[in-house]
Every structure is written in C-alpha cells, then in structure tokens.
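Colleague: I'm new to this one and would like a close look at a single part. Could you walk me through it?

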Amino acid sequence: MIGGLGEFVAAIGTLATPISLFHVAWATLLGIVVGSLPGLTATMGVALLTTLTYSLDRDAAILTLICMYVGAIYGGSRSAILLNIPGTPASAATALDGFPLAQQGRARYAMGLATVGSALGTMVGILVLVLVAPPLAEVALDFGSFEFFWLAVFGIVISGQLTAGGSPLKGYIAGILGLLVAMVGSEGIHAHIRFTFGIGDLNGGIGLIPAMVGAFGFAELLTVMWRRKAEMVAQKKGPDRTVPHFIDVWRYKFTILRSGIVGTLIGIIPGVGEDIGAWGSYALARRTSKERDDFGKGSMEGLTAAETGNSAVVPGSLIPALTLAVPGSASAAVLIAALFIHGVRPGPMIMFEAPEFVYLIAAMLLFATIAILIYGLTLTRLFVMVLRIPREWLMPVIFVLCVIGPYALTQRLFEIWVMFAFGLIGFVLRQMNYPMAPLVLGIILGDLLDKSLRRGLTLSNGSLEPFFTRPISAGFAAIVILSIAANLPPVRRQAARLIGRFTRESRP
C-alpha cells in the first residue's frame, strides 16, 4: 500500500510540468463545455478528441482524454441546473434538485455545490483506484488464451448492461453486431481475407476510429438535430454566491463519503455507468436523510449526493477498464479504444508491461479534478454563456470534426465513408433505443476473442475441455452463464418470488 502511494506521488511529479498543465487546462475546459451542451455526451467528446490527439505522445494524449472525460461528466450538471436538461445522462439525477434551486434564484450556489461534490467524489474514486487496481492485476500470470477468450465473451455479455435501463437484449444484439464488424478483413493468425465481398479497401478491416466517430459523433449530431431546443431558466436578481458555505459541505460529509464509495463500487461493476452511480447515490441519500421531504424540491443534500455519485464512477470505471480491458461505462469503452490506439494494452498484463501506468492514470484524474474545481468556482458566468450558443452554429463544427478526424489518420476517403455509414446506422439504432457502447466494445474485443479461441483450440488439439476446466476459465464461464441467465425474464421472476418469500419468512 505504501509502495503504491509512493508510485502515485511519483506520477504526480511526472505530470507537474508546464506542458502537462497546459493540456490539463484546455482539455478539462473543453470537456466541461462539451458536457454542458445538451446532446454532446462525454462519450462523444472522448471519441472526437481521440482523433485529434493521434500525433501527441502517449502520456499527453491519454492526459487530454482523461481530462475530457472528467470535465464532460462534471459539465453535464451545468445544463441540468439551468435548463433542466442533463448535458449528459450522468446528470439526470442532478436536475431533480438543481433546477428547483435555480428557480429559487440560487443557480450559482447550486453549481458551486455541484462542483465541490464532483471534486470530492472523484477524489474518493482515485483513492480506491490506487489501492485496488494493482492487486486486481496480479492474477495476470494465470491468464492464457483460454482465459482471454472468456474475458472477451464476458465483455460482450455485460454489453447488455450498457443500455441505461433499456432492454438487455438490445445491448447483446449491438455487441454481437460489433463482433461481426471485427471479423471483416484479414484475420490475425494466418492473414486470411474474409467477409470483404471483393472490396479491396476492406482487406485491412474496418477502422476503429471511423466506426467510433460515426457511432458516437455523427449519429449523436443527427440525434441532437431531431430534438427541440432547450430554454434556460430565467435569471433572478438577488443574493447568490458560487463558493458554497463550508458548513453546508460539512453538514453532508457522510452523504459525500457514502455517495463517493457507492459511485466507485458501481463504476467497478462492468457496464453500469455514471447515470446508475448518480441514481444509486441519490436514492440511498434520500432513504437515509432527515430531510427526505425536500428531495426533488431543491434539496442541497440530494444535489450533492447525485454529483458525488456520478463523478466517483469515473475512476471506478477505469479499474476494470485498465486491469481487465472491460469498461465500467460507455465512456470507458471509448477510452479503452484510445489506449489501444496510443500503444497501451489494457488488460491483466498491464501491471507487468506498464506497471507505472495505473498510477499515472490516477495522477491524471487528480489533475483533472483540481481543474474542474477551479473552473467550476470561477467561471460560472462563462458556462452560462456557453449554454446560449445556438446549435445551428455548433453542429457544423462538430460535423467538420467528424469528417477530419478519420481522414487525418490514413488520408483515405474510404474512412470518411465508413464514418458516414456507422453514423447513419447508429442514428437508426438510437431511434430504436439500441446503445452504441456495446457496438464499439464488440469491435474492440472481436479480435481478442477470435485469436484467443483459435489459439486455445490449437493448444488443446481441438478440445474444448480446457475452456471449462482451468480454474479462472471455469470462473469466467460460470459468470457469463449466470449473467445471461439473470437477464432472462423467467429467471428474474423466479428470483423475485424466492426473495419475496425469504423476506416474509424472516420477518418476526
């Protein structure tokens, strides 16, 4: 533990340079702006920025993406409070009490309280990341082709949980569609061309960046243009302040700590996401609060719990992303793709191939947290102005970024057509409430699943037995089977009956 904290302090020193601080400053501010604007999600921001950081060195590129991620999750609270429309899904719970506070003429104070809650929640998550991630990665020595196969399957299975309350079946379908996309082009062992239908441009496969930008960028742009415009709450004159009173923060210290822990634990669970972290923390705070009647009417405790919970999910979601290559949220799924692009291979071997990288990520989160704290308490007026930007001005800029990003990597027009295709497919799927994160996750994990399966069969002379008899493989297989069974309606109904019967029998 002491050694881990020492590595963390050393990582902080590594990033404490003028150029790194410059990257923190602009990337976090851009993330807050992206999160503030309704429709521009954290996932979309990270996907678009990935294309712009391709020429940067590894640490600078990942630093800007982390700052974008943290800033966007925090920035969603701005529009949630002022517009009653969450800038990101993670800020949906924030609107319940943030907007009523704004209607009472306390918009600036609500934004200040949300800022402090976000910063403290991320701090809790960073501490857990530093302490938990390294031991979790120590099982890497026992991982082989059989274990990596089940790890990839598990990643696809949990894609059913990336539906934000929708049908898990749609998540599975999107994940399997991503797997099919990953099978196009030369396979990884014998370089055999498959599923190209004679199109030479597909021989190298479908690029991750064009597919990701199309699914999260262009599709999001089309979706936003279909929605009606939002109207900001009227600004009332009267006493208001941005920096929260210390007594208000101290009064809810246990709520902040509890919400931070809940958010981090929810982040560690693959595929759940920031919105569930916010709602879980909010519901728990309401259940235990002495002011529960104020929730939904402008409760400062409710606002603090929601913001602390969703921000704590960010470092929590990076724990499975770094150590298992399985994302804890949709944004973490895109971040995994960015790590691969910049030469970092997340997964069980990361503590052996790049042991310092986990602590470097934690240090990056710390710098991003400090940045949102400074920006949130000093630039409230600027964020109010950002929300007034007409979307007719903003959307063309986003469209240009969607086109330039994929083309700049390979200078091939084909990549732009891929982006358009995935954008249109993504838009149609969104209209039918299909999630995009499993699609990208399937593309990322498809190559790993394919190679691991065939290598495992080669090692076992075609026998499937090692896939089920090796200890870790057997554990993953059991988890996968249970995860699928748990989402079947008959199983869920039977489990609900058993729980209800047990609860009745246990009552005195």
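Which residues are linked with D450 in a network of salt bridges?

Modeller: Keep in mind that this is a predicted model. The network you're asking about joins D450 to R194 and R454. Let's take the D450 and R454 pair: their side chains meet in a salt bridge, with N to O at 3.3 Å. Both sit in helix α20, which covers residues 437-459, and because they are 4 residues apart there, about one helical turn separates them. That spacing makes sense, because an α-helix has 3.6 residues a turn, so residues three or four places apart point the same way. As for the charges, side chains of opposite charge can pair when their charged atoms come close.

How covered are the two partners? D450 has a relative accessible area of 8%, so it counts as buried, the cut-off being under 20%. R454, at 23%, is partly exposed.

R412 forms a salt bridge with E415, and their closest N and O atoms are 2.8 Å apart. Here E415 is buried at 6% relative accessibility, while R412 is partly exposed at 29%. Then there's the salt bridge between D59 and R58, also listed at 2.8 Å from N to O. In that pair D59 is partly exposed at 24%, and R58 is partly exposed too, at 27%. R58 has another link worth a look: F357 is in contact with it, as well as with I62, L322, L339, V344 and I350, leaving aside neighbours within four places in sequence. Overall, the count comes to 6 salt bridges.

Note on methods. Residues are numbered from 1 along each chain as its sequence is written. This is a predicted model: local features need pLDDT of at least 70, side-chain atom pairs count only at pLDDT 80 or more; totals for chains, interfaces and linings use all residues. Side-chain values use heavy atoms; hydrogens and water are left out. Contact means heavy atoms within 4.5 Å. A salt bridge is a side-chain nitrogen of Lys or Arg within 4 Å of a carboxyl oxygen of Asp or Glu. Buried means under 20% relative accessible area, exposed over 50%, partly exposed in between (1.4 Å probe, protein chains only). Helices (H or I, at least four residues) and strands (E, at least two) are DSSP runs, numbered from the N terminus.
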